[in-house]
Amino acid sequence: MSKVKLCVFSDYHYCPALYPQDQSGLDTIIERAHTADADVILECGDFAAEATKNDGFLQKLLNNKYGIKTAFCYGNHELEQVDSLELLNKAYGVDNSYFYKDMFGFRFITVDTNFWYDDDGTLYHYPGRDVGSPKGWDYDDNAFGKEQLEWIAKTIDESPYPCILLGHTPVDLSDKPDHKEFLKIIKAANEKNRGRVLIYFSGDKHRNHIAVVDDVLHFNINATYNGEWRPTKHNLFPKEFTEGHAMAANCSIFKDPLSAIVTVEDDGHIKIEGMETDYMYGVAPEMYGGPFQCDGYGICEPRISSGEFFLNNNKK
C-alpha cells in the first residue's frame, strides 16, 4: 500500500509592497512539514506576486533546508509581475506550466487554470506585466483549453499510480464548460480504473471548503494570511501595520499562517489535520460590511477544517 503525507498551503500572496506578511510564515509552514514528517510540501498558487525576484523567497520553498519535495501550481498573481511565462517556468525549474511528477507511489499532476477564451473563442494565457489585455479578456475565466484537457486525460490514463491533482482554481461548484469537462475526465478515469484520481487541491477563493464529488475529494485550501479582500479600504488596522503595504487595509489578515497536513493512502483513505487562528488586531470581515459569500464557497474564516474521508466505499 502506498501512503504519502503532505503539508499543503495556498495563496501566500508574498508581496511586501502590497501586504505586510514577510517570509517568516513560510519558515513556519516548512517547520510544520518537518515536524509532521511530511513527504511533500504542496502549494496551490498565488505564492508570490514577484516569484522571479531574487530575494530568496521562492528558493526557500523549492530548496527548503530539510530537502522536502515540493509540488506547486501557478495562480494568476504569479503572472502579473513577470515579463513572460517562460521566465516564470525558468524560476520554478519546469519546462511548462502544467506537468506531472511521480513521487512516493502517486502521480502528482499540476494543471494550469490561467487560460481564457476571447469573444471569438481564441484561447489565451493570462498575460504577464505590461502585456495588456486582449479583447474579451476575462480575469475569472480560469479555463484549461482543449490541448491541456487532452493532456490531463492522457496523463491520468497512462499513470501507473493513483493521481493527486492540483490547480489554482476550484471546479466542483463551477458551471464553466472547461471545468465541467475536467470533472468528466476525472469521473471517466475512475470509472475505468477505480481510485485512479483521489483528490484535487485548489486555492484562489480564500475560503475553507471541502467536498466530495464522484468519489474524488475536492480540497479548496484557505489562504495563508489574506482573508476577505474588498476594493475599499477599511482603515481598521494601526497605521504602523499598514504603512508601506498598499493593500493591507483592503482585507482581513490571519494572525498565523494557515496550512494543513494531509495524509493520502492509495485505497482512498484521506486524513486532513487543519488548524485555526485569529484575525490580526481582531479585524474580521464583519467589521467592514461582511460576512461576504463567495461563489458558493462560504464566508471568510481563519481556519482550515480537519476531516477524515473514505473514498471508493473504503471503511476502515
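Lysine 101 stands opposite phenylalanine 108 in E5. This is a predicted model, in which local features need pLDDT of at least 70 and side-chain atom pairs count only at pLDDT 80 or more, while totals for chains, interfaces and linings use all residues. Residues are numbered from 1 along each chain as its sequence is written, and side-chain values use heavy atoms, with hydrogens and water left out.

**View 1. E4 and E5 pair in the antiparallel sense.** Here 5 bridges link E4 to strand E5 (residues 106-110). Two strands count as paired if DSSP finds at least two bridges between them. Strands themselves are DSSP runs (E, at least two residues), as are helices (H or I, at least four), and both are numbered from the N terminus.

**View 2. An open sheet of 6 strands runs in the order E4-E5-E8-E9-E11-E10.** Its pairing is mixed. Strand E4 (99-103) and strand E10 (209-213) stand at the edges with a single partner strand each, so one side of each has no neighbour in the sheet. On average, neighbouring strands of this sheet are turned by 20° against each other, direction ignored. Helix H5 (residues 146-157) packs on the sheet and touches E4, E5, strand E8 (163-166) and strand E9 (197-202); contact means heavy atoms within 4.5 Å. The direction of H5 makes about 175° with that of E5. For such angles, axes are lines fitted to C-alpha atoms (for helices, over the stretch in contact), and values run from 0 to 180 degrees between N-to-C directions.

**View 3. Helix H5 meets helix H6 (residues 177-192).** Their axes come within 10 Å and cross at roughly 15°. That makes H5 roughly parallel to H6, a label for angles under 35 degrees. Among the residues in contact are Leu149, Ile152 and Ile156 in H5, and Phe182, Ile185 and Lys192 in H6. By class, the contact of H5 with H6 has 7 nonpolar, no polar and 4 charged residues. Ala, Val, Leu, Ile, Met, Phe, Trp, Tyr, Cys and Pro count as nonpolar, Asp, Glu, Lys and Arg as charged, and the others, Gly among them, as polar.

**View 4. Another open sheet has 6 strands in the order E3-E2-E1-E14-E15-E18.** Pairing is mixed in this sheet. Strand E1 (residues 3-9) and strand E2 (residues 40-43) run parallel, joined by 4 bridges, and leucine 6 stands opposite valine 40 in E2. Helix H1 (residues 24-35) lies across E1, E2, strand E14 (260-265) and strand E15 (269-273), at about 165° to E1.

Key:
Parallel < 35°, antiparallel > 145°, perpendicular 65-115°, else oblique.
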